[in-house]
There are 2 protein chains.
Amino acid sequence: MTTSTEENYLKSIYHLSVGHPNPVLTSEIADSLTTSSASVTDMLKKLSEKNLIEYERYKGVRITRKGERVALSIIRRHRLWEVFLTDVLKFRWDEVHEMAEELEHVSSDELVSRLDAFLGYPKVDPHGDPIPDTNGKLFPSGSLSLAEAQTAQKYQVSGVSDHSAGFLQFLQKKGLMPGVLFSVKEIDEFDKSMYLLFEDNSGTFISHEIAKNILMKLYVNS
Amino acid sequence: MTTSTEENYLKSIYHLSVGHPNPVLTSEIADSLTTSSASVTDMLKKLSEKNLIEYERYKGVRITRKGERVALSIIRRHRLWEVFLTDVLKFRWDEVHEMAEELEHVSSDELVSRLDAFLGYPKVDPHGDPIPDTNGKLFPSGSLSLAEAQTAQKYQVSGVSDHSAGFLQFLQKKGLMPGVLFSVKEIDEFDKSMYLLFEDNSGTFISHEIAKNILMKLYVNS
DNA sequence: ATAATATTTTAGAGTAATCTAAATTAATTA
DNA sequence: TAATTAATTTAGATTACTCTAAAATATTAT
């Protein structure tokens, strides 16, 4: 039905679309897949032919319902395999992306749904990104950036917006993985750097640039 | 290094080689991969160029040490994924082949070795085929065909030589999966059909044609 | 509003895999 | 051994994806 290459283009278009009302540009897709704009144009014609995107030349693309369904199913597979790799095979969260990029193209739907069941129907992947359900529905995460945190509130790390291995290793070292509880002791008024306090009263210092790429939620005792 | 297509050719050549001293013929490979002889010839040139096979035109091919190493590493992955699919995700043994055909091309060696450890270092796949170790070593199975079984001996089913879903479902129905213990109550002298007796004193009838495709070992109480 | 710049598309070609049909080589049989 | 048949290889095309360089279109800046 769809080749892995088509799937990768759709995934990229989906990610570039989400939260951006304007059409996605050829050059953005080319950058995100590190390929040439000429190749992208070719593929856009093919995807448009299959009604997976709406494409008007020189005007960029919008993903269709149908294309979104395909993209979300690949994203579902990717994130479920990431959970498998960290929770079952004990890989670190900064190691799993490349492997999941390959595994996500294994086509059996039955395999994915059994994997989901075996993993206990996880809601998020190791980076805190939500896992779409079989129908392509995504739980709204309600996350905000750590850069918006205030003192005298309790928060929980819920994800990251930079998925690079280096960034993830840095957060690991700082103890800032999804699930971790913290409060903000102090925010520097000049450079907006923060001192975070953990449950065990240890703490760590975080720059504003780093904070912008960490996602969190208000934590309420339930 | 090697594409999945190359890997599939190497696997096929390896399987056709094993136990046959003569070179493998172009047409045999074409049959086993359901492709044209012309395509096979093209690929043989490429594999020969990479020193994965020894190829002399019109004379067939022999796999090299290097080619065998690659083939065995793919077979190792295939069989480990089959164990994962049956033992962990609870698929039936007649369902796992197609999925393993895709999973075997996922390239991470670290993934394979962690999967191996997670599965408890299995020695055989769900069909009784031995799993090569990291160095490409295969345990000699010491299996023989059920067609050679004699009365007044205790045997254990150790594998199959026909891997088709239909055959596997038939054996499932008959209760003849790897591991099952049985003895031969009677062999018909005309058509060589057999009546097998299980541990629980139930029994089943097996034709000679079927028996030829079932592998077994002498069972000795240890 | 027109010129300069940036982006996108087309044109033409390359690689990896595939096919059919024709030509070549090997094997079989008379 | 020569002729027929079978197997294999070559030739020429096709599909999916890729590229660079040139042409077309859009954006921006004066």
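How far does a polar side-chain atom of B:Lys45 lie from a phosphate oxygen of DNA strand D? In the predicted model examined here, the separation is 2.6 Å. Local features require pLDDT of at least 70, side-chain atom pairs count only at pLDDT 80 or more, and totals for chains, interfaces and linings use all residues, while side-chain values rest on heavy atoms, with hydrogens and water left out. Residues are numbered from 1 along each chain as its sequence is written, and chains are lettered from A and ligands numbered from 1 in the order in which they are written.

Altogether, 21 residues surround DNA strand D, a residue being near a strand if one of its heavy atoms lies within 4 Å of it. The closest are A:Thr3, A:Ser39, A:Lys46, B:Lys45 and B:Tyr55. Of the DNA strand D atoms within 4 Å of the protein, 81% belong to sugar or phosphate and the rest to bases.

Both chains contribute helices (DSSP runs of H or I, at least four residues, numbered from the N terminus) to this surface. At least two residues each come from helix 1 (4–17) and helix 3 (37–49) of chain A and from helix 2 (26–33) and helix 3 (37–49) of chain B. Helix 3 of chain A gives the most, with five residues.

A:Ser193 is found in the loop between strand 5 (181–187) and strand 6 (194–198) of chain A, strands being DSSP runs of E with at least two residues. With 6% relative accessibility, A:Ser193 counts as buried (under 20% relative accessible area, with a 1.4 Å probe and protein chains only). The side chains of A:Ser193 and A:Asp191 are joined by a polar contact of 2.8 Å, that is, a pair of N or O atoms within 3.5 Å, one able to donate a hydrogen and the other to accept it.

Terms used. Buried < 20%, exposed > 50% of the residue type's maximum accessible area, 1.4 Å probe, protein only.
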